[in-house]
Amino acid sequence: RDLHSFPTRRSSDLPGSAILWMYVMAEVNPAATKSIKDISISYIHTDMLTERGLAMSAGSASTLDIEVTGSRSALSSVTAGDISATVDMAVAVKGDNEIAITVRVPSGITVTRKSISKISATVESLVSKEVDVSIMYTGKFKENQQGLTVAVSSPTVTLSGAESLVNIVSYARGSIDASRLSSDETDITCQLQAMTQDGSQVSGVTMSPETWQIGRASCRERV
């Protein structure tokens, strides 16, 4: 027997084996496509704008939809919460910007379509001002009763943000539900909201402090 001859697989067998393997894999874990909607877009590195005396006043989108492909098992449990979509504001400059959206998906999945690939973001000068705080009592009171603010930690708060947003804020509003009050004076903390003169809420500005301490509040008879 020739010492240099070894048993080999016939080349004609390889295509059939490869086809069989592809068929088995396709049957066991076939590829699939899935649409995932309402993925939240996060605007990151906004602190770098603050360091440059800037702030974002508007972004053209807050969510996007995507289409992904992958094995059926990989796609079966994927939800919008498993996917991140970010816009890096570190590259933004004062004025109007077009910035790419970066989408990250779990391993084994590929993004094949995005409803949007860029967002428009407006960047303005960062400004601040003090505004008065107004307390609103909500909920159901007993007949002839109303909420009463006896004392507060401070009558004003400082808000900051993009110039066009800060300029339209007239006051900060805190809401206290009647269920939190009694005839005894009580210390209460409430969340504040930036408001326009006509009572519309303004988003995209920050307040210091964000919560407000009412030194004493109570439920009293109407006079």
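Q: How much accessible surface does the protein chain have, and what share of that surface belongs to carbon and sulfur atoms?

A: Keeping in mind that this is a predicted model, the accessible surface of the protein chain is about 13,800 Å², and carbon and sulfur atoms account for 50% of that area. Of the 223 residues in the chain, 29% count as buried.

Q: How many helices and strands does the protein chain have?

A: The secondary structure consists of 4 helices and 14 strands. Among contacts between residues at least 6 apart in sequence, 75% join residues that are at least 24 apart.

Q: Which residues have the most contacts inside the largest nonpolar core?

A: A nonpolar core is built from buried residues joined through side-chain atoms within 4.5 Å. In this structure the largest one has 24 residues, and Ile41, Ile66 and Met89 have the most contacts inside it. The elements giving two or more residues to this core are β1 (31-44), β3 (63-71), β4 (84-88) and β8 (118-138), with β1 giving the most, 4 residues. A second, separate core of 20 residues includes Val133, Ile135, Leu165 and Ala194.

Q: Is Ile116 buried or partly exposed?

A: Buried means under 20% relative accessible area, so Ile116, at 26% relative accessibility, counts as partly exposed. Ile116 is found in the loop between β7 (109-114) and β8, and, leaving out residues up to four places away in sequence, Ile116 touches Ile41, Ala61, Thr63, Leu64 and Ile101. Although Ile116 and Ile66 are 50 residues apart along the chain, their C-alpha atoms are separated by 8.6 Å.

Conventions
Residues numbered from 1 in each chain as written. Predicted model: local features only at pLDDT ≥ 70, side-chain atom pairs only at ≥ 80, totals over all residues. Heavy atoms only, no water. Buried < 20%, exposed > 50% of the residue type's maximum accessible area, 1.4 Å probe, protein only. Contact = heavy atoms within 4.5 Å. Areas by Shrake-Rupley, 256 points an atom, 1.4 Å probe, with all protein chains shown as cover.
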